[in-house]
Amino acid sequence: MVLSVVVTTTDTHRAIDAVWRIESARIIAGLTRIVRDVGLAEELAQDALIAALQQWPESGVPDNPGAWLMATAKHRAIDHFRRNALLERKHPEIVRELESKQEMAVADLHTAIDDEVGDDLLRLIFIACHPVLSTEARVALTLRLLGGLTTEEIARAFLAPEPTIAQRIVRAKRTLADEHVPFEVPRGPELAARLASVLEVIYLVFNEGYSATAGDDWMRPALCEEALRLGRVLAELAPKEPEAHGLVALMEIQASRSGARTGPSGEPILLLDQNRALWDQLLIRRGLAALERAEKLGGARGPYALQGAIAACHARARLPAETDWTRIVALYEELGQLTPSPIVELNRAVAVAMAFGPAAGLQIIDTLVSEPSLKAYHLLPSVRGDFLFKLGRFAEAQAEFERAASLTRNARERDFLFNRGQACAAAQQNTSRS
């Protein structure tokens, strides 16, 4: 009998965890609109979560768990306003102001459950990704407020100490309060800059999941899934923003390759070596549809729409040999004109090598060797090593792969690059014998 109670409690906690992941962003967004403080809103939502953990194992999961959590948070908010009013009774002017705010808040809170939550979610996204915060703080706060992840989960995902992540989140909420960041979607010229920040954060989360910068695993699928979810939400909430659809297209298509990107032991498999039968066709169709939506909105293509178009070139090729590398080169040239960067130039070099031969790619790469921002970037020697290998310069290629292996912090990638270096040594020996 005791065993059945334990199982029931465990199942209830799993249900609460699932509900929280789905509903927490909506609840925090609605509360932030009312209390105008993202930190307080999260505390109130957490209070509701604690109440659920205490009550649901006994009473069972409600028919509408999201509404239950919102209603409970609502009552906590009302208590908060009343408590503040009592504490400030010695100051009549402040009391009157608090009472006025309390009446407005209570009126808002009573209708919060029935309100359209889309605008609130969009506002919360723009707050969590506000440029006043550092990039690291934006990522942590976004995953906490919009992803419903715990501090421990965020720390584990980014291989950072939990206290470090906790401090980032606390400081981020304090900064938003100190800077009086308004709970609103920016308008006019500010919108483009703020949207770029939001898109950057979502793509940073996705990239960390797609190619982990450190640790034992090359991929962290949970982060990819979370970024995709946030991207889809943003595209639905901002349907007339082509770059939101462009980012979704890019992530959908890249995520479609996940099942083919690692071997049986978790080792990386490069794009041209992947079994394309393992690519997820549903995600590819979704990505191509998102890209079409971005293009139909018109105007000049932004960086995410351009990268989505590059990903689409790979997705449409049934075999690696069918890839339209000439078009990819043109797209990278367009991207480089829009957002010049050594990383874009490095990717263009790869496309040029595939379209016109490794010597042409190496010529571009050699102009990047002295680039300060790429000094510790492991993919530069990795790509250069690949070109040198194809040109039969095996000793030089081995040195490049070994250097790349020494620069990466990802164990899987380090082993992969070291093995490529060993393959160069073997090829050099075979050449010497012949």
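How many of the 11 residues of helix H6 (residues 135-145) are buried? I looked this up before anything else. Nine of them are, so helix H6 is largely enclosed by the rest of the structure. Buried means under 20% relative accessible area, exposed over 50%, and partly exposed in between, with a 1.4 Å probe and protein chains only. The buried residues of H6 include Arg 138 and Arg 144. Leu 141, Leu 143 and Leu 145 are also among them.

**Ground rules**

I am working with a predicted model, in which local features need pLDDT of at least 70, side-chain atom pairs count only at pLDDT 80 or more, and totals for chains, interfaces and linings use all residues. Residues are numbered from 1 along each chain as its sequence is written, and side-chain values use heavy atoms, with hydrogens and water left out.

**Overall count**

I noted 19 helices and two strands in the protein. Helices (H or I, at least four residues) and strands (E, at least two) are DSSP runs, numbered from the N terminus. The protein has 434 residues, and 48% of them count as buried. I then checked contacts, meaning heavy atoms within 4.5 Å. Among contacts with a separation of 6 or more, 65% are between residues 24 or more positions apart. The accessible surface is about 21,700 Å², and carbon and sulfur atoms hold 53% of it. Accessible areas come from the Shrake-Rupley method with a 1.4 Å probe; for residues, only the protein chains shown count as cover.

**Aromatic rings**

I found five aromatic pairs in the structure. Rings of Phe, Tyr and Trp (its six-membered ring) pair if their centres lie within 6.5 Å; planes under 30 degrees apart count as stacked, over 60 as edge-to-face and the rest as tilted. Tyr 203 and Phe 206 make a stacked pair, at 6.2 Å centre to centre with 15 degrees between the planes. Both sit in helix H9 (residues 189-210), three residues apart, about one turn of the helix. Tyr 203 has 11% relative accessibility and counts as buried. Phe 206 is buried too, at 0%.

What does Tyr 203 pair with in an edge-to-face manner? Its partner is Tyr 304: the ring centres are 5.7 Å apart and the planes are at 85 degrees, so the pair is edge-to-face. Tyr 203 lies in helix H9 and Tyr 304 in helix H13 (residues 303-316), so this pair ties together parts that are 101 residues apart in sequence. Tyr 304 is buried, at 12% relative accessibility. Tyr 203, Phe 206, Tyr 210 and Tyr 304 form one aromatic cluster.

I also looked for charges over rings. A charge sits over a ring if NZ of Lys or CZ of Arg is within 6 Å of the ring centre and within 35 degrees of the ring normal. Arg 261 lies over the face of Tyr 210, at 3.6 Å from the ring centre. The charged end of Arg 257 sits over the ring of Trp 279, 5.8 Å from its centre.

**Core**

A nonpolar core is a set of buried Ala, Val, Leu, Ile, Met, Phe, Trp, Tyr and Cys residues joined through side-chain atoms within 4.5 Å. The largest one has 116 residues, and Phe 206, Leu 141 and Met 251 are among those that touch the most other members. Helix H1 (residues 2-35) gives the most to this core, with 10 residues. Leaving aside neighbours within four places in sequence, I listed the contacts of Phe 206, including Leu 223, Cys 224, Ala 227 and Met 251.

**Loops**

Where does His 378 lie? I placed His 378 in the loop between helix H16 (358-365) and helix H17 (379-390). At 14% relative accessibility, His 378 is buried. Its side chain joins that of Glu 413 through a polar contact of 3.1 Å. A polar contact is a pair of N or O atoms within 3.5 Å; within protein, one must be able to donate a hydrogen and the other to accept it, and residues adjacent in sequence count only if both atoms are side-chain atoms.

Pro 182 is in the loop between helix H8 (162-178) and H9. Pro 182 is partly exposed, at 42% relative accessibility. His 180 lies in the loop between H8 and H9. His 180 has a positive phi of about 55 degrees although it is not a glycine. At 67% relative accessibility, His 180 counts as exposed.
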